[in-house]
Amino acid sequence: MDRDRLGEVLRIVANGLRPFVEAEMRRVHGEGWEKVARSGLPPHMASTGTDLSFFLAVINAFWSSVFRSKLSFVDRSYTTELRDFRNRWAHQEQIPPADIDRAIDTARRLLR
């Protein structure tokens, strides 16, 4: 049940980040932003263009040139923390309920 709850939160974060990441990348790199984004990521990340791991990786890879002016350093740490939670969830690792609560709180903070 907690895993399902975390999965739903991760989907909400992906849906929430998508328009923001697309708009900011488009603002700096134009309509070809997706090609630029994929070229700045490792091959295994570049093929997943619509999931949370992709959006978090793009924020990290293009932090200095795109996102630093829009997100705080605390926000960046939230993206790193959520990437860890997403990976643990995706790889079926056991995640204690307290950590799931923390992931949900971190997601809420980032989306604000």
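Residues are numbered from 1 along each chain as its sequence is written. Because the model is predicted, local features need pLDDT of at least 70 and side-chain atom pairs count only at pLDDT 80 or more, whereas totals for chains, interfaces and linings use all residues.

Helix α1, residues 2-29, has 28 residues and reaches 39 Å from its first C-alpha to its last, close to the 40 Å expected at 1.5 Å a residue; helices here are DSSP runs of H or I with at least four residues, numbered from the N terminus, and the expected span is 1.5 Å times one less than the number of residues. At Leu 17 this helix has a kink of about 30°, shortly before the proline Pro 19, the bend being the angle between axes fitted to the seven residues ending at a residue and the seven starting there. Just after α1, Gly 30 takes a positive phi of about 75°.

The buried residues of α1 include Leu 6, Val 13, Leu 17 and Met 25, where buried means under 20% relative accessible area with a 1.4 Å probe and protein chains only. Among the elements that cover the buried residues of α1 are α2, α4 and α6. In α4, eight of the 10 residues are buried, so that helix is largely enclosed by the rest of the structure; among them are Phe 54, Phe 55 and Val 58.

Ala 37 has its place in helix α2 and is buried, with a relative accessible area of 0%. Leaving aside neighbours within four places in sequence, Ala 37 is in contact (heavy atoms within 4.5 Å) with Met 25, Phe 54, Val 58 and Phe 62. The C-alpha atoms of Ala 37 and Glu 22, 15 residues apart along the chain, are separated by 9.9 Å.

The largest pocket has a volume of about 170 Å³. A pocket is an open set of points on a 1 Å grid over the protein atoms alone, where a 1.4 Å probe fits, with protein on both sides within 12 Å along at least five of seven lines, and lining residues have an atom within 4 Å of a point; the volume is the space filled by probe spheres set on the points. Of the 13 lining residues, His 44, Met 45, Ser 53, Ala 57 and Arg 83 lie nearest the centre.

The largest share of the lining, four residues, comes from α4.

Conventions. Heavy atoms only, no water. Helix = DSSP H or I, 4+ residues; strand = E, 2+ residues; numbered from the N terminus. Buried < 20%, exposed > 50% of the residue type's maximum accessible area, 1.4 Å probe, protein only.
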